[in-house]
Amino acid sequence: MSQSQQINRPDSLDVAPTPQNTPLDTQVLANRPANLGKPQVEDIGEGEEEDESEDVGGANPASLLAQNPALLALASHKFDQLIGKSSGYIESLPPAVRRRIDGLKGVQVEHAKIESEFQMAILMLEKKFLERYAPLYERREAIIAGKAEPTDAEVEAGQAADSDDEDEEEEGARITEVDEEKKDEKVEGIPEFWLTALRNHAPISETITDRDEEALKTLENISLSYLDEERPGFRLHFKFGKNDFFEDTELTKTYYYQEQVGYGGDFVYDRAVGHDIKWKEDKDLTKKTEIKKQRNKTTGRTRTVKKVVNTDSFFNFFKPPQPPTPEALENDDVDEEELEELDARLEVDYQLGEEFKEKIIPRAVDYFTGKALRYEDDYSDEELDEFDDEDEDDFDDEE
């Protein structure tokens with residue numbers, strides 16, 4: 001449906017790459033004399049090639065690049081500048097052929113317009129079906145909060161959905177035993193439902209610290225809405241109960257798409273807008289206080305210095321990174337390493353937004369129970385098995 005935004009650097013503003021099968025200039029070969037024989041190349045004896053490379057600084061060009069990171073970076077930068085440059089092939093074609101190519105580009109423009117309409121139609125369809133999902137999400141929220149109990153029909157449907165589970169009998173016996181021990185305990189709803197679901201999603205779990213858990217225990221619901229503005233996008237809603245950390249009862253995060261679909265026909269992320277959390281005093285989970293002792297060299301006296309610094313937290317999700325402005329890129333105000341780091345952070349942020357939209361919200365109960373992990377683990381195991389098999393084959397060949 002969508003893809004992450006790539007930061008446009010000044011070097012990448014050139015024309016699109018020419019076709020990979022661009023033919024070489026054959027005019028030289030066509031004019032070659034008929035009696036011209038094969039090129040005369042002096043035979044190189046065994047070991048001579050190594051001797052020659054040793055004469056040039058004792059290493060071949062590849063090893064020189066490997067031993068000199070600065071030189072490698074320079075070469076890589078030069079190659080990057082060549083990407084998208086015209087090879088001159090198109091310009092060398094007859095005017096009539098170039099005119100036809102321009103005509104094909106015009107046809108492609110019309111194709112892009114239809115692609116854009118297609119993606120907008122899909123977006124409208126998603127909005128329509130979100131309205132159909134809404135009663136189910138409201139029902140889920142009520143059961144989690146303890147405001148409603150599931151019907152017999154809902155329970156039977158849930159049990160039937162797991163009827164093919166190989167561990168069903170063993171798991172059922174374990175649950176029955178636990179229920180016997182806690183049958184008199186009164187519990188409303190499903191405690192820590194969303195915290196557990198998020199903990200069972202690996203990429204999101206990596207963002208949750210021990211300090212975050214107390215706040216996330218009060219998370220009551222996560223929901224989705226689409227933007228009504230002309231700009232396409234969606235908004236995530238995180239509903240919280242009363243807690244000791246912030247005043248807000250709802251935190252939101254909005255993802256905007258670019259107005260035009262990308263080259264691949266999908267929406268492209270433009271930017272994300274977070275939420276300015278109203279933290280209670282000294283309860284900001286995205287910051288921590290570092291305490292250091294300083295000693296005066298002259299008097300020998302010590303003093304304690306407190307410094308507030310940023311720290312890892314799930315709630316940094318609501319302070320998304322922002323792409324640099326076009327003016328900053330044009331003026332080279334952003335360092336190349338900073339751009340690469342920002343690229344990576346934006347990619348992670350967009351991906352987390354998609355994970356909430358496409359996985360967590362639709363299949364929350366499967367992440368709470370761990371069922372969703374079976375499918376992800378199975379996929380990973382298949383990839384790992386293939387990788388291991390290839391390694392074994394390669395090892396046998398070496399033997």
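Lys217 and Glu214 bring their side chains together in a salt bridge, with N and O 3.1 Å apart. Lys217 counts as partly exposed because its relative accessibility is 33%, and Glu214 is also partly exposed, at 45%. Please keep in mind that this is a predicted model. A search of the whole structure turns up 12 salt bridges, and three of them are set out here.

| Salt bridge | N to O distance |
|---|---|
| Lys217 and Glu214 | 3.1 Å |
| Glu126 and Lys357 | 3.8 Å |
| Lys357 and Glu358 | 2.6 Å |

**A network around Lys357**

Lys357 is worth a visit in your viewer. Glu126, Lys357 and Glu358 are linked in a network of salt bridges. The bridge between Glu126 and Lys357 connects distant parts of the chain: Glu126 belongs to helix 6 and Lys357 to helix 13, 231 residues apart.

Is Lys357 buried or exposed? Lys357 has a relative accessible area of 5%, so it is buried.

**Aromatic pairs**

Next come the rings, with 26 aromatic pairs in the structure. One of them joins Tyr133 and Tyr137 in a tilted arrangement, 6.0 Å from centre to centre and with 40 degrees between the planes. These two tyrosines are about one helical turn apart because they sit 4 residues from each other in helix 6 (residues 95-145). Tyr133 is partly exposed, with a relative accessible area of 41%.

Phe246 and Trp279 form a pair too: their planes stand at 85 degrees and their ring centres are 5.6 Å apart, so the pair is edge-to-face. Phe246 lies in the loop between strand 3 (233-240) and strand 4 (250-257), while Trp279 lies in the loop between strand 5 (267-273) and strand 6 (287-295), so the pair ties together parts 33 residues apart in sequence. Phe246 counts as buried because its relative accessibility is 2%, and buried means under 20%.

**A negative patch**

Finally, look at the surface. Which residues gather in a patch of negative charge there? They are Asp335, Glu337, Glu338, Glu340 and Glu341. Asp335 is found in the loop between helix 12 (326-330) and helix 13 (336-360). With 41% relative accessibility, Asp335 is partly exposed.

Note on methods. Residues numbered from 1 in each chain as written. Predicted model: local features only at pLDDT ≥ 70, side-chain atom pairs only at ≥ 80, totals over all residues. Heavy atoms only, no water. Patch = residues over 30% accessible without salt bridge, like charges linked within 9 Å, V, L, I, M, F, W, Y side chains within 5 Å. Areas by Shrake-Rupley, 256 points an atom, 1.4 Å probe, with all protein chains shown as cover. Salt bridge = Lys/Arg side-chain N within 4 Å of Asp/Glu carboxyl O. Lys, Arg positive; Asp, Glu negative; His and termini not counted. Charge placed at Lys NZ, Arg CZ, Asp CG, Glu CD. Buried < 20%, exposed > 50% of the residue type's maximum accessible area, 1.4 Å probe, protein only. Phe/Tyr/Trp six-rings, centres within 6.5 Å; stacked < 30°, edge-to-face > 60°.
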